[in-house]
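Open the model in your viewer and keep the selection tool ready. We will go from stop to stop.

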Amino acid sequence: MSEAARSLLQRWGASFRKGTDFDSWGQLARHLQKEAQSQHNNSEFTEDQKKTIAKIATCLELRSAALQSTQSQDEFKLEDLKKLEPILKNILTYNKEFPFDVQPVPLRKILAPGEEEHLEFEEDDEEGGAGAGSPDSFPARVPGTLLPRLPSEPGMTLLTINIEKIGLKDAGQCIDPYITVSVKDLNGIDLTPVQDTPVALRKEDTYVHFNVDIEIQKHVEKLTKGAAIFFEFKHYKPKKRFTSTKCFAFMEMDEIKPGAIVIELYKKPTDFKRKKLQLLTKKPLYLHLHQTLHKE
């Protein structure tokens, strides 16, 4: 057996030991999907083998979704997955028909702000979000890529925001959570490039921990009156196969001051114009930040 196939089997065994954990199935699915879409010339798998691995990944995604669904008729059972183990074990020689009628899925889609609300309309009775698209002058985002601090200027102030953690009642169920940070004017137009944090460090009780620094890409004195810094909490939904905004928070200019700050969470869709705000929950759950101001 090849080293790559052995590695896949080890991950498979670990997930079976956590058979009721939807998160572990989702993680394994993404690992298989990555292997299936590998472009390396020295890959140990042929294109046909990669297609089979991608189909297995689809089954794992379905299992992960079934564990979160209340629709029992849509379940993809653990016994179904057990039929896939011999295929994976003999992936280098397997040449039979795949036991389930599934197709390889493309890499997960990360939707633009406001886009997911159209797909989740049954969950949101409010009108669509008021957000505007980013101006063409800002480069396209790469998830998990943060920008460095701007050069200092005499008499000007730069702001670093450390995102410590966010409190959510279902924190442990969020898959690959991250936060999108943007600075908007009163009309919801971007004043700086949008940044995404890496995926959270850990989930613990009712908190998702990040501990990551965001360098705001404009001197504080140059931000327009009425501007606000938005934090959109996003996570992956296996059943719908896209990354969705769960809630958002924002900080206004008069809240920029050194030290810790705790801000409230609001229901999606993200309202960049701050016209129709609705708290996410009555429970005391917040976004915890720490601000550092840099001035020459």
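**Before you start.** This is a predicted model: local features need pLDDT of at least 70, side-chain atom pairs count only at pLDDT 80 or more, and totals for chains, interfaces and linings use all residues. Residues are numbered from 1 along each chain as its sequence is written, and side-chain values use heavy atoms, with hydrogens and water left out.

**Stop 1: the largest core.** Select I163, F231 and L287. These residues have the most contacts inside the largest nonpolar core, which has 31 residues. A nonpolar core is a set of buried Ala, Val, Leu, Ile, Met, Phe, Trp, Tyr and Cys residues joined through side-chain atoms within 4.5 Å. Buried means under 20% relative accessible area, exposed means over 50%, and partly exposed is in between (1.4 Å probe, protein chains only). Now colour the strands (DSSP runs of E, at least two residues, numbered from the N terminus). Those giving two or more residues to this core include β2 (157-167), β7 (228-237) and β11 (286-295).

Zoom in on L287. Which residues does L287 touch, not counting those up to four places away in sequence? Among them are I163, I179, F231, A249 and I263. Contact here means heavy atoms within 4.5 Å.

**Stop 2: another core.** Apart from the core of Stop 1 lies one of 21 residues. Select A29, C59, I91 and V102, which are among them.

**Stop 3: S182.** Find S182 in strand β3. Is S182 buried or exposed? S182 counts as buried, because its relative accessibility is 1%. Leaving aside neighbours within four places in sequence, S182 is in contact with D190, V194, A228, I229, F230 and F272.

**Stop 4: salt bridges.** Side chains of opposite charge can pair when their charged atoms come close. A salt bridge is a side-chain nitrogen of Lys or Arg within 4 Å of a carboxyl oxygen of Asp or Glu. The structure holds seven.

- Select K184 and D190. Their side chains meet in a salt bridge (2.7 Å, N to O). K184 is buried at 3% relative accessibility, and D190 is buried at 4%.
- Select D170 and K246. Their closest N and O atoms are 2.9 Å apart. D170 lies in the loop between β2 and β3 and K246 in strand β8, so the pair ties together parts that are 76 residues apart in sequence.
- Select E47 and K50. Their salt bridge spans 3.5 Å, N to O. Both residues lie in helix α3 (residues 47-68), three residues apart. Helices are DSSP runs of H or I, at least four residues. E47 is exposed at 54%, whereas K50 is buried at 5%.
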